[in-house]
Amino acid sequence: GDGMARSAMSLLRGILREHRRLPARMRGLGDKYVISEFREHRRVTDKEKLFIFLQGWSDYLEDIKTQEDFGASMGEAMIDQLSDEQVDRLYQLREAAMSEKR
């Protein structure tokens, strides 16, 4: 319902806030990916699917909040060598790894 939409928005804002600590290119890609994921899930009506989706991103946010050097471990040089698809895959792998943890 409405409450879920509100918590999704504040979760998204929290993630984008944390992404500010990333190197510019990584941040751009990360933000784009997160926003498109949230956009795709706007039409999901299955509450359970939605809950799992939000939980996954919630875990991601907690993860990056606790990493002092979030983004620093991936230097600009290393990021520059990755294609957009590879970076996309990194995010997808991270998502998959997070759903494995559950």
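**View 1. Gly14 in helix H1.** Gly14 has its place in helix H1, and the model in which it is shown here is a predicted one. With a relative accessibility of 8%, Gly14 counts as buried, because buried means under 20% relative accessible area. Although Gly14 and Leu61 are 47 residues apart in sequence, their C-alpha atoms are 7.3 Å apart in space.

**View 2. Arg13, a residue of helix H1.** Arg13 also lies in helix H1, and its relative accessible area of 48% makes Arg13 partly exposed, since values between 20% and 50% are given that description. The C-alpha atom of Arg13 is separated by 9.8 Å from that of Ile35, and these two residues stand 22 residues apart along the chain.

**View 3. His19 and the residues it touches.** His19 is another residue that lies in helix H1, and it is buried, with a relative accessible area of 0%. When residues up to four places away in sequence are not counted, His19 touches Arg27, Gly30, Asp31 and Val34, and also Tyr60, Ile64, Phe70 and Tyr91.

**View 4. The packing of H1 and H2.** Two packed helices are described by the angle between their axes and the distance between the axes. For H1 and H2 the angle is about 170°, and the axes are 10 Å apart. That angle makes H1 roughly antiparallel to H2, because angles over 145 degrees count as roughly antiparallel. On the side of H1, the contact is made by Ala8, Leu11, Leu12, Ile15, Leu16 and His19, while H2 contributes Arg27, Gly30, Asp31, Val34, Ile35 and Phe38.

**View 5. The largest pocket.** The largest pocket of the model has a volume of about 370 Å³, and 17 residues line it. Among these lining residues, Ala5, Ala8, Phe38, His41 and Arg42 lie nearest the centre of the pocket. The elements that give two or more residues to the lining are helix H1 (2–19), helix H2 (24–40) and helix H3 (47–66), and the largest share, 5 residues, comes from H1. The lining of this pocket divides into 11 nonpolar, 3 polar and 3 charged residues.

How values were computed. Residues are numbered from 1 along each chain as its sequence is written. This is a predicted model: local features need pLDDT of at least 70, side-chain atom pairs count only at pLDDT 80 or more; totals for chains, interfaces and linings use all residues. Side-chain values use heavy atoms; hydrogens and water are left out. On a 1 Å grid over the protein atoms alone, a cavity is a set of points where a 1.4 Å probe fits but cannot get out, and a pocket is an open set with protein on both sides within 12 Å along at least five of seven lines; lining residues have an atom within 4 Å of a point. Grid points are joined across faces, edges and corners, and a volume is the space filled by probe spheres set on the points. Helices (H or I, at least four residues) and strands (E, at least two) are DSSP runs, numbered from the N terminus. Ala, Val, Leu, Ile, Met, Phe, Trp, Tyr, Cys and Pro count as nonpolar, Asp, Glu, Lys and Arg as charged, and the others, Gly among them, as polar. Axes are lines fitted to C-alpha atoms, for helices over the stretch in contact, and angles run from 0 to 180 degrees between N-to-C directions. Angles under 35 degrees count as roughly parallel, over 145 as roughly antiparallel, 65 to 115 as roughly perpendicular and the rest as oblique. Contact means heavy atoms within 4.5 Å. Buried means under 20% relative accessible area, exposed over 50%, partly exposed in between (1.4 Å probe, protein chains only).
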